[in-house]
Amino acid sequence: MEESPIADPNKAGKQHEQKASNAPKSGERPDQGAAPAPDHYRPDPQAARDESNITPPDVANAKYTHPILAQPPEALTGIRLEERAKVAAGVTAVIKSMEFSWSEGGLNRGTRGLLKMNQKDGFDCSSCAWPDPDDHRSVAEFCENGAKATASDADDKAAGPEFFARYSLAQLSQMTDRDQNNAGRLTHPMVKRPGDNHYSPIAWPDAFQLIGDHLNALDSPNEAVFYTSGKVPNEPAFLFQLFAKQLGTNNLPDCSNMCHESSGAALSPTLGLGKGSVTLNDIYEAEVILIIGQNPGTNHPRMLTALQKAKRNGAKIISINPLIEAGLNHFKNPQDFMNPLRALGALMGDGTQITDLYLQVRVDGDMALLRGIMKHLFEAEDLNPGQVVDRAFIAEYTTGFESFEQNIRNTSWEDIEELSGISRDQLLEAANMLATKKKIITCWAMGVTQQRQGVQTIQEIVNLHLMKGAIGKRGAGTCPVRGHSNVQGDRTMGVWEQPTKAFQDALSKEFNFQAPYEHGYDTVEAIKAMYKGKTKVFFSLGGNLLGAGPDTEVIAEGMRKQKLTVFVGTKLNRGHLTTGETSLLLPCFTHADVDMQKSGHQMTSCENSMGVVSQNKGVLIPLEGQMMSEVAIISGVAIATLGSRTNIADWVAMTENYDVIRDHISRVIPGFENFNEKLRRPGGFYLPNGPRDRKFTTPNGKANFTTTELQHYQRELEPDQLILMTVRSHDQFNTTIYDYNDRYRGVFNERRVLFMNPQDMAERGIGAKDLIDITSHFKGETRTVEKFVAVPYDIPKGNVSAYFPEANPLVPIASVAKTSNTPTSKYVVVTVVPTLKTTGAPVEQRLAVEA
């Protein structure tokens, strides 16, 4: 390994000389090193799961039982409806970005944050994990959501001791999620002791000792749960999992369990790596791009720039989604305003047409849809032998083709059309766009991963690519689009409840201890264990499990049963309020904050959706207060807890200079050799990716076709039942709510809405803006949320949609995707009735108030 910069104190905390020539140019394949070690999913996915029943909570009456609300308050904020937008971004996006940025952080802080976001010498956007260009980057390399996230991080308001003295936990819980976030930055460590109804100040050493005392009092380390948000950079994530394992547990649930766990579960056994196989440059070169179960206009807006570039290069795009989304329709690129040749087009007209073919699939119908496309492709191959199916690739690189082919050919068109809601002719149109093409990319997100058959649907995506030979070549491959900024990196750093033996052995050797091999709790199993009183300490490094997870009231009851809850965060969220007997709220830096330690200005790193690890160096002076870095907080807890069981000097050294952490990582994790040196290259570096080079590190060394089973869940429904999927609004990122608007869908000043097909509304006697109650049904259990507003929308009949976290109480904890154990937030069986139907109240009293 190369000499670390810490060997020379003059280099510590500073950047090496940067050369732009190190960055791959557009169209080039990156130099990424050797294929990584095998990344296999656990052989028995049911081994560590608790299949016993949990009594469903009384969701509707929880507000009367517990003064501290776990669910957002039911008070309506005044809905206004407009026509659904047909174009994403444009001038409005620029205006909204500036408005929010300057209102939160002020003109100077807000502008400085935006200009350094996603720059090679700046900090990584704390919202989505979409990659930055390898070569040229715009002076404004951010989108509207990134601007909102950075503005929120740069907030110059403080939520300090005075704020928490003014408001009790119950009063704080009566605030909307937006108002909680907008209260300001957390600035001081706070504690809620047994019997208290307020958070009050506590000194950092006392907070660390309090955590250590509780952890050391456990009968087993497995009575502690260590939860992680995808916003956490690599360095603190690595320390967090190291600390948990030195304590003796692999209870490391994280937000991956609730989003792209299904992707890892599908990709690892088929391709050998649970990550995507494409680069941003591949997007530009693709001939056909499929976008399945993803809304980039709201969730990954910078992806639209890449799609626009692909379109200008001749690509065809097929969008598959139950909702018609503006970002998949047309796009006006705000960057075009800076180009004299394109500025007029950006101001006028509809911008770039993104989608060539829109398939408005039924919820949970994607697997049948994919089978229909592949069935057409096999029929085309029969008519044109050797021109549609890449048999040379199949013979050299794959196994299982014959069984897969027979499975597809045996699937009936009746089943395909019924389950997908898409006609055979529409599927033929999609197949014709793919038939003669080899540069194919498929992108997907939680619209696929959170289905009951999410894993199997992704395996069908892999099947499509393998039959076309559309992987391991320029312009082709798989592209799971990750949500939070470093959710993929946290898993790479070892935040996983199912660690491989190879990883644990390398970690043990590096730090001179024996890491545990026994698998721990994932998010769903952790929630069950907390609810059943099997755990006593819940430690959250960022995130908001209460708002992100399923079955909100089950999570809340589990939190209340803990002896200690610890929340490390930057801003207040609802998850900080439903606590254990004792609770700590510990303020940390954001990506945008300057992190000064003994050796100087520190940087961290993040891994994006396409496996690029790049530096993250804050530029804003933190607010006055007692905030600490995540690294310093974890180190303080580790020293107070482990004492002589760990090398205290090493924890101190890692806190004083993060290069020390990276030196450790470079010896533990394949692909991170020379980490400190490579991180200082402009734009960072690519991690090894076997499938990208047709090196499939599966047990048999081949890419594996999968023979899946097509389930007919829709046939199990009662006549009045609908299928609910949860989504984000436009003024939201994950559980962070910036405002009440969703302008692309035409909804303003309200979040408690249910999007419904007009025919479904008419059949139930429900009018536009009527107040409704929603009840979910699962294995005889029911859960009800009240006082939502019905909104007519273009969505397939039999399907409805609502925002999370408002609709999360309807998602049963036991309803999970096969294999991955991911909550099925994209498949919830519900019934809908008018709120006051049984009272005989006049219709006008059942209408939501309009602003």
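Author: Arg178 and Asp739 form a salt bridge, with their closest N and O atoms 3.2 Å apart. This is a predicted model, where local features need pLDDT of at least 70 and side-chain atom pairs count only at pLDDT 80 or more, while totals for chains, interfaces and linings use all residues. Residues are numbered from 1 along each chain as its sequence is written, and side-chain values use heavy atoms, leaving out hydrogens and water.

Reader: Why is the contact of Arg178 with Asp739 called a salt bridge?

Author: The term asks for a side-chain nitrogen of Lys or Arg within 4 Å of a carboxyl oxygen of Asp or Glu. Here the closest N and O atoms are 3.2 Å apart, so the pair of Arg178 and Asp739 qualifies. By this rule the count comes to 45 salt bridges.

Reader: What makes Arg178 and Asp739 a tie between parts of the chain?

Author: Arg178 lies in helix H6 (residues 177-181) and Asp739 in the loop between strands S27 (736-737) and S28 (747-748), so the pair ties together parts that are 561 residues apart in sequence. Helices (H or I, at least four residues) and strands (E, at least two) are DSSP runs, numbered from the N terminus.

Reader: Which label do Asp593 and Arg185 get, buried or exposed?

Author: Asp593 is at 3% relative accessibility and therefore counts as buried. Arg185, with a relative accessible area of 1%, is buried too. Their side chains meet in a salt bridge of 2.8 Å, N to O.

Reader: How do you know that Asp219 is exposed?

Author: Its relative accessibility is 67%, so Asp219 counts as exposed. Its salt-bridge partner is Lys536, with the closest N and O atoms 3.6 Å apart. Lys536 has a relative accessible area of 26%, so this residue is partly exposed.

Reader: What makes the span of helix H8 close to the expected one?

Author: The expected span is 1.5 Å times one less than the number of residues in the helix. H8 (residues 234-247) has 14 residues and reaches 20 Å from its first C-alpha to its last, close to the 20 Å expected. H8 is also mostly covered, with 14 of its 14 residues buried.

Methods:
Buried < 20%, exposed > 50% of the residue type's maximum accessible area, 1.4 Å probe, protein only.
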